[in-house]
Amino acid sequence: MNERPGAICAGFFVYFSGVKPTKMKQNITQEEFNEKLKSSDEFYDEIFNFGDNSFYFPKDIKYNIKFEDCSFTGRNFIFSDIDRSDISLYFFECVFKCAFKVTNSNLNSLLFFNTKEIEDLSLKSYSRKEFTISNFMFSYDNKSTVEVINNFEFSSYNFKTFQFENANMTNGSFLISKCNIDNNENKFQKVTFSRSNIYNFRMIESNLNGDVSFFKTNFPYHTGYFNEKAEKFPTLKNCTFSNIDFSNCNFSQTFGIFRCIFMGTSYFSNVKNIYLGDLRIMYSIFNKHSVFDLANLESLIIYDCKFSDYFSAQRTKFNRINITKTIFDKATFFDDLIIINAYSCKRHTIRTIKQQLQKAENRIDYNRFRAYELAAYYRELKFHKNFVDKSILGLTTLFTGYNYNWFRAFIVTVLTGMLFYSMLYFFEFYVALNLNNDDDFSSGAFRFFLVTDFFSPFLDRKYLNNGYSWTIFVLGKIFIAFGIYEMIQAFRKFKA
């Protein structure tokens, strides 16, 4: 147990009540600070200036320490090889004009609240032994306007609770590597990175067990930060999660999720990116529900993934979407999915979505994606290899555009029918000279549109007597019949 719990409780009362003891700023050396730690557990409005030197926190710390409105100046502020899992360190509204480093140490809590400035914060382990910071917090009481320009790095550490909230990174980087966060013992305390701007974010080979939230977090980045071998954008890579929530996140540009396992529910509701970029999910496994409802992204790429439980992407909007080599084991919902450049999508992606809509008996959206699939297939066909299919789909494109527009089919049918009728009229009266020129042009038009009537539209119960006329006549009938068929299909598009 801590030796001075009464002092800590009194300190919290003073802080949150807004009443502070008399402050007296002073410069202090490392030796003087070591002496102070032996007799005091609270420091208010003090300046700790270590010049160009690094300061090592003493290993014989015996009780919780609190710093409020203090300034630390030096090269490094180092906590190394401190094994006190019962000790907590609190920093309220402090300024760190130095790097804050924790190495090979065990602590109960390390808390930063309303930090005014910090150059670098790192928690690293350089041995095979596991080290634990049970409770870590870096947060602000509301959305911070302070531009925290710094680097955060957490490597090979264990946490029970982890909070990074309302922070505003405008530069630097944020790296979590080979860490374990397990908050199952505390059902009410989430692992959270919410309402923050996290710059150049990466999480690699880490296990996060419990509820993890990135709610309303932005992920800006600069491609020049990432080395040549790494992805050129923020990533989650080789990680395992329990429940995770990316709701209302802004991925700025591109964000990658590679080789991750999601054991619990995954929420990507209302995610977006304001610049051109992709949300790339590759080689990952989702064991529980996956929800992408209301997502609005430039591009969504899902490659070689498995969704073992239901997948929902309802009322979503993408400029492009690509789903390849992906397995959906259970119900999938793509209701009211909008793809702005749907006709440029790959056919296998459109077919995957169409199949899931068919399973869900969503006839309306199914017809839309069936049209997209036909259009994609038409683009792939070559006349010299697939003349028949290309011709049929070409006529479909002309008459209805794959979306079963009956009015368009009607207009095109009338126009093509009149075109062939005009050609036949001109040939019969002015080229073949089989008929006199006193016949009215409109008199045979209606007869020409009767598909089953093969008599001459200009003579009563008589056939045409010229081979070229018959060619024009038959082709016209074919186009009219095809147009009528397309109109019927348009009226039947919602039928099973």
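Predicted model: local features only at pLDDT ≥ 70, side-chain atom pairs only at ≥ 80, totals over all residues.
How much accessible surface does the chain have, and what percentage of it belongs to carbon and sulfur atoms? The accessible surface comes to about 24100 Å², and 53% of that belongs to carbon and sulfur atoms.

Let me begin with the chain as a whole. There are 496 residues, of which 51% are buried, and the secondary structure consists of eight helices and 32 strands. If we take the contacts between residues at least 6 apart in sequence, then 47% of them join residues that are at least 24 apart.

I would like to turn now to two helix pairs, starting with helix 3, residues 347-359, and helix 4, residues 363-380, whose axes come within 9 Å and cross at roughly 155 degrees. An angle over 145 degrees counts as roughly antiparallel, and helix 3 is therefore roughly antiparallel to helix 4. The crossing of these two helices is left-handed. On the side of helix 3 the contact involves R347, I350, R351, I353, K354, L357 and Q358, and these meet D365, Y366, F369, R370, Y372, E373, A376, Y377 and E380 of helix 4. Sorted by class, that contact has eight nonpolar, one polar and seven charged residues.

The second pair is helix 5, residues 387-399, with helix 8, residues 467-491, and here the packing angle is about 65 degrees, with the axes 11 Å apart. Helix 5 is thus roughly perpendicular to helix 8, and the crossing of the two is right-handed. Helix 5 contributes I392, L395, T396 and F399 to the contact, while helix 8 contributes F479, F482, G483 and E486. By class, we find five nonpolar, two polar and one charged residues in the contact of helix 5 with helix 8.

Is L300 buried or exposed? With a relative accessible area of 3%, L300 is buried, because the cut-off for that label is under 20%. Setting aside its neighbours within four places in sequence, L300 is in contact with L279, F318, R320, I321 and N322. The C-alpha atoms of L300 and N319, which are 19 residues apart along the chain, are separated by 8.5 Å.

F446, in helix 7, residues 445-448, has a relative accessibility of 71% and counts as exposed. Between F446 and Y421, 25 residues apart in sequence, the C-alpha to C-alpha distance is 9.9 Å.

D81 is not a glycine, and yet its phi is positive, at about 60 degrees. This residue, D81, is found in the loop between strand 5 (71-80) and strand 6 (83-92), and with a relative accessible area of 42% it is partly exposed. K325, likewise not a glycine, has a positive phi of about 50 degrees. Where does K325 lie? It is in the loop between strand 29 (317-324) and strand 30 (327-328), and at 58% relative accessible area K325 is exposed.

Methods
Residues numbered from 1 in each chain as written. Heavy atoms only, no water. Helix = DSSP H or I, 4+ residues; strand = E, 2+ residues; numbered from the N terminus. Buried < 20%, exposed > 50% of the residue type's maximum accessible area, 1.4 Å probe, protein only. Contact = heavy atoms within 4.5 Å. Areas by Shrake-Rupley, 256 points an atom, 1.4 Å probe, with all protein chains shown as cover. Axes fitted to C-alpha atoms, helices over the stretch in contact; angles between N-to-C directions. Parallel < 35°, antiparallel > 145°, perpendicular 65-115°, else oblique. Left-handed = near helix turned anticlockwise from the far one by under 90°. Nonpolar A, V, L, I, M, F, W, Y, C, P; charged D, E, K, R; others polar.
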